[in-house]
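Subject: Structure handover and side-chain notes

Hello,

I am passing on the structure we talked about. Please open it alongside this email and follow the notes below.

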Amino acid sequence: MQTSTISRRLKSVGKRPVLLMVAAGLALMWTGYRIAETYYVDRGVEAAARQAAPHLASLITILERYQTLPSILSEDRAIIEAALGSPEGSLNERLARFAETTGADAVYLMDENGWTIAASNWRRPKTFLGQNYGFRPYFKSALEGRPGEYYAIGATTGVPGYFVSHPVADDEAGIVGVIAVKVDLRNLEANWATLEGKIFITDGNGIIVLSGEPSWRFRTLSALDPDTRNLIAARRQFGTVELSPIDIEREGRAVAIGGDRFVEHVAEVGRLGWTFHFLSPYHHVQERIRLILAVVAVLLLSLAAFILFRRSQRTHGLLISSERERDELNRLNRDLEREVIERREAETRLKRAQDDLKRTSKLAALGQLAASVSHELGQPLSAMKTYIAGANLPDAFPGEVQPREIDESDGVLQQLDRLVDRMSETTRQLRFFSRRGGEAFDDVTLADVIVGALETMRPAIRSEGVDLRCRIASPDTVVRGGRMRLEQVLVNMIRNALDSMQDSPTKHLSIEMEEDRGRARIVVRDTGSGIEGGSETAIFEPFVTTKASGEGMGLGLAISSEIVKEHGGSLFARNTECGGAEFVMELPSPETADAQAE
């Protein structure tokens with residue numbers, strides 16, 4: 001009682017001030033975190049702007065570099081003549097030289113209907129020559145007399161590019177065609193992929209047209225409305241790309257894409273309605289925030305340590321007095337626990353000894369009964385054997401030559417003769433409980449054991465209406481043992497399966513024999529009621545049975561288990577996943593048995 005009072009006093013000392021201190025510390029750390037985050041995000045945006053500046057300037061330079069090329073080419077007399085309908089001659093070669101000199105991906109000339117009449121890539125498999133690009137906006141703009149520019153996936157090559165165009169005009173005929181240049185910007189994207197930050201370009205519809213991350217390309221910052229999708233499809237700007245929204249979330253000047261957070265700097269490109277995005281990894285901000293939080297935490301912990309130290313002096317006296325009582329109580333508890341454990345162990349040993357004594361008494365009585373039954377049945381079985389042998393003798397008297405007619409009774413007598421032999425062997429097995437026999441083992445073919453057991457049990461199987469399936473994977477498998485004893489074990493396994501299926505709507509019995517790694521197995525499966533939970537091992541002990549009272553003594557599986565053990569094998573049972581149970585008799589091959597004996 002005194003210890004409990006001291007414990008309650010210890011718990012109550014300084015409890016409320018400590019909670020207030022913890023709450024104030026958490027509030028201070030949260031406030032510091034938000035202030036530090038806002039500050040370092042702003043600094044991160046400024047740093048991202050400085051990093052993005054040269055890349056933005058490089059993009060603008062590339063776009064503007066090719067603005068004047070179509071204008072210059074539109075004044076070339078050979079291009080004008082070709083647009084007027086004159087034979088182009090070597091114009092393809094001329095355009096190819098222009099493309100090679102300027103670094104353009106393609107230079108091509110279209111007539112006023114949009115058909116390409118000359119192209120620098122005329123020798124490539126996917127040439128622009130003979131293609132119609134009248135649906136492209138850059139063609140329509142040039143045909144109206146204005147320079148055009150456009151970014152799209154190539155309708156012929158499937159390669160995205162930047163297209164610039166200019167009208168081709170004749171002094172007398174006016175606009176007679178359009179000269180266009182395609183620029184491949186993939187090298188620029190490849191340079192972005194090597195940066196610590198990430199860069200992508202969006203058009204006026206929020207579609208990512210350029211990106212250092214290939215998986216982001218042609219994704220959208222938000223879902224497109226149907227009208228925008230229809231317009232893009234009519235212009236065939238992005239071919240068959242789905243244009244699905246990217247997983248992006250914005251929080252102030254921070255952005256998260258696919259679970260990764262960044263600080264974002266945004267700038268206008270000034271052409272095509274494009275927007276330049278530079279993403280700096282957010283972990284730079286987090287590192288600085290962690291540093292600030294670490295400093296605040298150290299200060300708070302120092303303050304808390306000082307306060308707790310001062311309060312600990314007040315509780316030191318209570319702790320010293322309570323420790324002595326607690327140690328004494330722990331010692332008493334340990335002594336009590338040890339005494340309880342010893343008592344439980346003694347009770348367990350006593351119950352086990354009582355069970356062993358009961359089982360030994362029953363086995364002794366069974367041994368006497370088995371010897372008596374074996375003795376009493378021996379003479380009648382011998383007489384039956386003699387009568388059957390006499391019935392098989394010929395009916396003619398000595399000296400007469402008269403062949404005996406063979407009728408159907410001969411087969412019945414032979415079967416009875418085999419059954420009498422089996423009964424004699426069974427009575428001999430009863431001596432197992434009165435003395436241990438030293439029967440010599442021979443090489444036995446397991447297939448013969450299965451055939452012999454089925455010969456005995458087939459009438460019972462048919463009368464029960466059981467569907468029998470027998471599969472022998474290795475017909476030549478041989479084990480060392482007594483054939484009759486092994487048949488008796490298998491007969492017992494089959495009989496148990498039949499008993500378990502008496503009330504089952506579906507009665508299937510399967511017997512399989514297989515050999516693997518020097519071990520032979522006979523598996524008997526049924527669709528009966530199965531084995532009660534936890535009794536898979538107990539059913540092989542003497543006088544343990546799952547049958548109703550008066551229907552069994554619980555000795556069949558115990559005898560069978562001992563027989564299999566004498567053969568160096570094992571007998572075990574388990575429930576199957578589909579319902580029912582399976583009993584497995586596993587025996588060693590002669591070579592394995594010899595190796596174990598050595």
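This is a predicted model: local features need pLDDT of at least 70, side-chain atom pairs count only at pLDDT 80 or more; totals for chains, interfaces and linings use all residues.

**The loop between S7 and H8**

Start with Phe-218. This residue is found in the loop between S7 and H8. Its phi is positive, at about 65°, although Phe-218 is not a glycine. Is Phe-218 buried or exposed? Its relative accessible area is 10%, so Phe-218 is buried.

Trp-216 is in that loop too, between strand S7 (208-211) and helix H8 (226-235). Trp-216 has 9% relative accessibility and counts as buried. Its ring pairs with that of Phe-262, edge-to-face. The centres are 6.4 Å apart, with 80° between the planes. Phe-262 lies in strand S10, so the pair ties together parts that are 46 residues apart in sequence. Phe-262 counts as buried, at 5% relative accessibility.

**Around H8**

At the start of H8, look at Asp-225. One of its side-chain oxygens reaches to within 3.2 Å of the backbone nitrogen of Asp-227. Just after H8 comes Arg-236, with a positive phi of about 55°. The charged end of Arg-236 sits over the ring of Phe-135, 4.4 Å from the ring centre.

Further on is Leu-243, in the loop between H8 and strand S8 (248-251). Leu-243 is a residue other than glycine, yet its phi is positive, near 60°. At 6% relative accessibility, Leu-243 counts as buried.

A pair of aromatic rings is described by the distance of the centres and the angle of the planes. For Tyr-151 and Trp-274, the centres are 5.4 Å apart and the planes are at 75°, so the pair is edge-to-face. Tyr-151 lies in strand S3 (residues 148-153). Trp-274 lies in the loop between strand S10 (260-268) and strand S11 (275-281). The pair therefore ties together parts that are 123 residues apart in sequence. Tyr-151 and Trp-274 are both buried.

Now the salt bridge. Arg-271 and Glu-149 meet through their side chains, 3.2 Å from N to O. Arg-271 is in the loop between S10 and S11, and Glu-149 is in strand S3, so this pair ties together parts that are 122 residues apart in sequence. Glu-149 is partly exposed, with a relative accessible area of 24%.

**Other ring contacts**

Ring pairs link Tyr-108, Phe-128 and Tyr-133 into a cluster. Arg-136 lies over the face of Phe-163, at 6.0 Å from the ring centre.

**Other salt bridges**

How many salt bridges are there? The count comes to 25.

One of them joins Arg-338 and Asp-335, at 2.5 Å from N to O. Both residues lie in helix H9 (residues 283-391). They are 3 residues apart, about one turn of the helix. Arg-338 counts as partly exposed at 44% relative accessibility, and Asp-335 counts as partly exposed at 27%.

Another salt bridge is formed by Asp-443 and Arg-480, with the closest N and O atoms 3.3 Å apart. Asp-443 lies in strand S12 (residues 442-445) and Arg-480 in strand S14 (residues 478-481), so the pair ties together parts that are 37 residues apart in sequence. Arg-480 is partly exposed, with a relative accessible area of 31%.

There is also a network of salt bridges. It links Arg-471, Glu-512, Arg-525, Arg-574 and Glu-582.

**A nonpolar patch**

Which residues form a nonpolar patch on the surface? They are Val-412, Leu-416 and Leu-419, with about 220 Å² of accessible area together. Leu-416 is found in helix H10 (residues 408-429). At 39% relative accessibility, Leu-416 counts as partly exposed.

Best wishes

Methods. Residues are numbered from 1 along each chain as its sequence is written. Side-chain values use heavy atoms; hydrogens and water are left out. Rings of Phe, Tyr and Trp (its six-membered ring) pair if their centres lie within 6.5 Å; planes under 30 degrees apart count as stacked, over 60 as edge-to-face and the rest as tilted. Helices (H or I, at least four residues) and strands (E, at least two) are DSSP runs, numbered from the N terminus. Buried means under 20% relative accessible area, exposed over 50%, partly exposed in between (1.4 Å probe, protein chains only). A charge sits over a ring if NZ of Lys or CZ of Arg is within 6 Å of the ring centre and within 35 degrees of the ring normal. A salt bridge is a side-chain nitrogen of Lys or Arg within 4 Å of a carboxyl oxygen of Asp or Glu. Patches are made of residues with over 30% relative accessible area and no salt bridge: like charges are joined within 9 Å, nonpolar side chains (Val, Leu, Ile, Met, Phe, Trp, Tyr) within 5 Å. Accessible areas come from the Shrake-Rupley method with a 1.4 Å probe; for residues, only the protein chains shown count as cover. A polar contact is a pair of N or O atoms within 3.5 Å; within protein, one must be able to donate a hydrogen and the other to accept it, and residues adjacent in sequence count only if both atoms are side-chain atoms.
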